[in-house]
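Please look through the sequence and the model below.

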Amino acid sequence: MEQNSDQGSIENQGIENPGGGIGYGGRPAPAALQPALTAVDTLDAQVHDIVTCDPGPVSKALATAGHYAIKRHVLIPSFAIAGIVGLMTGQQDLRRAGIVGVLGLVATATASRSIKRYVKRRRPDECEPRQRPGKRISARSLPSGHAGSAFAAATALATVSRSPTQSLMIYGAAAAIASGRVVKHRHWASDVVAGALLGTAITLAARRLLAR
């Protein structure tokens, strides 16, 4: 991948509205938000080019794992099966994790798709100078759906974890795998952070609702 260390301008940061920051519904963001969004764009570009310059075998493995393992089409059926098995066998932790996981993943996916349609941010491989030849522009970068799914699943598992250390390991694994979306050249770092926060918040809400 060709790198350019001087790509800090907003025109090159994967934004649907060049010169106007992250767009909303196809329109530029409010002027009051422009300085902050420009700073985010610039930082995203710098992090992206550092991470993708020479990722190494471990980062590449995480990117591959993230691409396949944290798809909602894989995780939702997995948690559904876990919930059913827990219900049938009387394993309350398995049942609870399964139900919270399904609710969190479905709600996170729904919210993520809605936000993507509204924000319309281009992915790194959809914009210059990082655009891949023949790449179709979808402008669906923010937030990262994979990161949202990873952290929704992590939150569901942390619901039944036995210790803070175990929960920390679960979230650490989710963060490592989700970071592969940047290495994979499909998301900016802020997309991954936004997806992680979204998946965590929604699944925590689902857990609280279930407790009631």
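How do the axes of helix 5 and helix 7 cross, and within what distance do they come? This is a predicted model, in which local features need pLDDT of at least 70 and side-chain atom pairs count only at pLDDT 80 or more, while totals for chains, interfaces and linings use all residues. Residues are numbered from 1 along each chain as its sequence is written, and side-chain values use heavy atoms, with hydrogens and water left out.

Helix 5 covers residues 145-158 and helix 7 covers residues 189-211; their axes come within 7 Å and cross at roughly 35°. Axes here are lines fitted to C-alpha atoms, for helices over the stretch in contact, and angles run from 0 to 180 degrees between N-to-C directions. The crossing of the two is right-handed, a term used when the near helix is turned clockwise from the far one by less than a right angle. On the helix 5 side, the residues that meet helix 7 include Gly 148, Phe 151 and Ala 152; on the helix 7 side, Gly 195, Gly 199 and Thr 203 are among them. Contact means heavy atoms within 4.5 Å. By class, this contact has seven nonpolar, six polar and no charged residues, where Ala, Val, Leu, Ile, Met, Phe, Trp, Tyr, Cys and Pro count as nonpolar, Asp, Glu, Lys and Arg as charged, and the others, Gly among them, as polar.

Helix 7 also meets helix 6 (residues 164-183), with axes that come within 9 Å and cross at roughly 145°. This crossing, too, is right-handed. Tyr 171, Ala 178, Arg 181 and Val 182 in helix 6 touch Ala 189, Val 192 and Thr 200 in helix 7. These residues divide into five nonpolar, one polar and one charged.

Thr 108 belongs to helix 4, residues 92-119. Thr 108 has a relative accessible area of 2% and is therefore buried (under 20% relative accessible area, with a 1.4 Å probe and protein chains only). Its side chain reaches the backbone oxygen of Gly 104 at 2.7 Å. Leaving aside neighbours within four places in sequence, the contacts of Thr 108 include Gly 148, Ala 152, Gly 199 and Thr 203.

The protein as a whole has seven helices and zero strands; helices are DSSP runs (H or I) of at least four residues and strands (E) of at least two, numbered from the N terminus. Of its 212 residues, 43% count as buried. Among contacts with a separation of 6 or more, 70% come from residues 24 or more positions apart.

Terms used:
Buried means under 20% relative accessible area, exposed over 50%, partly exposed in between (1.4 Å probe, protein chains only). A polar contact is a pair of N or O atoms within 3.5 Å; within protein, one must be able to donate a hydrogen and the other to accept it, and residues adjacent in sequence count only if both atoms are side-chain atoms.
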